[in-house]
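Good morning, and thank you for the time.

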Amino acid sequence: MSKYAIKNAEGAQVAEAELADGVFGIEPNIPVIHQVVTCQDSCARQGTHAVKNRHDVSGGGAKPYRQKGTGRARQGSTRAAQWTGGGVVFGPTPRTHNKRINNKMVKLAMRSVLSGKVADQELVLVDALSFEKPSTKQAKALLAGLGIGDKRVTIVVADDDVNTYLSFRNLVGVSVIGASEATTRSLIDNGALVMTADIAKQFEEVLA
């Protein structure tokens with residue numbers, strides 16, 4: 001167990017949290033992080049890209065000119081690929097880009113990212129993220145108090161904390177995710193990762 005500072009809305013340390021070394025203190029495995037992020041990016045693709053081949057484009061029913069005697073190469077349709085307005089050869093077609101990866105690798109990647117955030121001092125633990133009502137102004141002031149108002153920030157909130165989500169969602173450079181929605185991509189793609197000590201404990205329980 002290693003101790004990590006817990007800050008309040010003004011950026012002052014108010015307590016210390018004990019973080020499990022097995023989740024927040026390992027040597028980051030960069031190759032596994034790369035594999036998992038690549039897999040998640042591929043699974044996020046829609047795969048709806050498509051082109052029209054020579055059977056899909058309109059026209060081309062008649063042979064453009066007779067087979068012999070013109071001195072030109074024989075042609076069977078004006079919708080072949082070499083003609084203007086013709087179909088596309090070997091173009092993309094709708095398909096799935098989904099990939100599969102082992103759950104152990106996913107957990108190792110998330111542990112590696114969290115450990116890297118601790119090592120780089122980019123993990124910010126706060127005592128509470130509580131808003132009586134949605135307030136973007138209050139949310140912006142909180143980030144300024146923590147000294148990360150000019151960074152790209154990811155905030156992990158409780159899944160049922162609607163007011164906190166609504167408060168941060170409109171801020172530029174800030175992304176808000178529920179604890180159950182956290183992925184390797186969402187945890188690493190920022191300059192500061194903000195969460196409460198309780199959510200850090202949730203990660204320890206899931207990733208241990």
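Predicted model: local features only at pLDDT ≥ 70, side-chain atom pairs only at ≥ 80, totals over all residues.

**From one residue to the whole chain**

Beyond its neighbours within four places in sequence, Leu 125 is in contact with Tyr 4, Ala 5, Ile 6, Lys 7, Ala 17, Leu 19, Met 195, Thr 196 and Ala 200.

To which group of residues does Leu 125 belong? Leu 125 is among the residues with the most contacts inside the largest nonpolar core, which has 29 residues. Leu 114, Leu 123, Val 156, Met 195 and Phe 203 are also named there. Several elements give two or more residues to this core, including strand S1 (2-7), strand S2 (13-19), helix H3 (103-119), strand S3 (123-126) and helix H7 (197-207). Apart from this core lies another, of 18 residues, with Leu 143, Val 153, Val 176 and Val 194 among them. As a general point, nonpolar side chains in soluble globular proteins tend to be buried together.

Let us now turn to the whole protein. Seven helices and six strands are present, and from the N terminus their order is β-β-α-α-α-β-α-β-α-β-α-β-α. The radius of gyration is 27 Å, well over the 17 Å that the globule rule gives for 208 residues, so the protein is more spread out than a compact globule. Its C-alpha trace spans about 95 × 40 × 25 Å along the principal axes.

How much of the protein is buried? Of its 208 residues, 37% count as buried. The protein exposes about 12,500 Å², and carbon and sulfur atoms supply 50% of that area.

Finally, consider charge: the mean positions of the 26 positive and 20 negative charges lie 24 Å apart.

Terms used:
Residues numbered from 1 in each chain as written. Heavy atoms only, no water. Helix = DSSP H or I, 4+ residues; strand = E, 2+ residues; numbered from the N terminus. Rg over C-alpha atoms; globule rule 2.2 N^0.38 Å. Buried < 20%, exposed > 50% of the residue type's maximum accessible area, 1.4 Å probe, protein only. Areas by Shrake-Rupley, 256 points an atom, 1.4 Å probe, with all protein chains shown as cover. Lys, Arg positive; Asp, Glu negative; His and termini not counted. Charge placed at Lys NZ, Arg CZ, Asp CG, Glu CD. Core = buried A, V, L, I, M, F, W, Y, C linked by side-chain atoms within 4.5 Å. Contact = heavy atoms within 4.5 Å.
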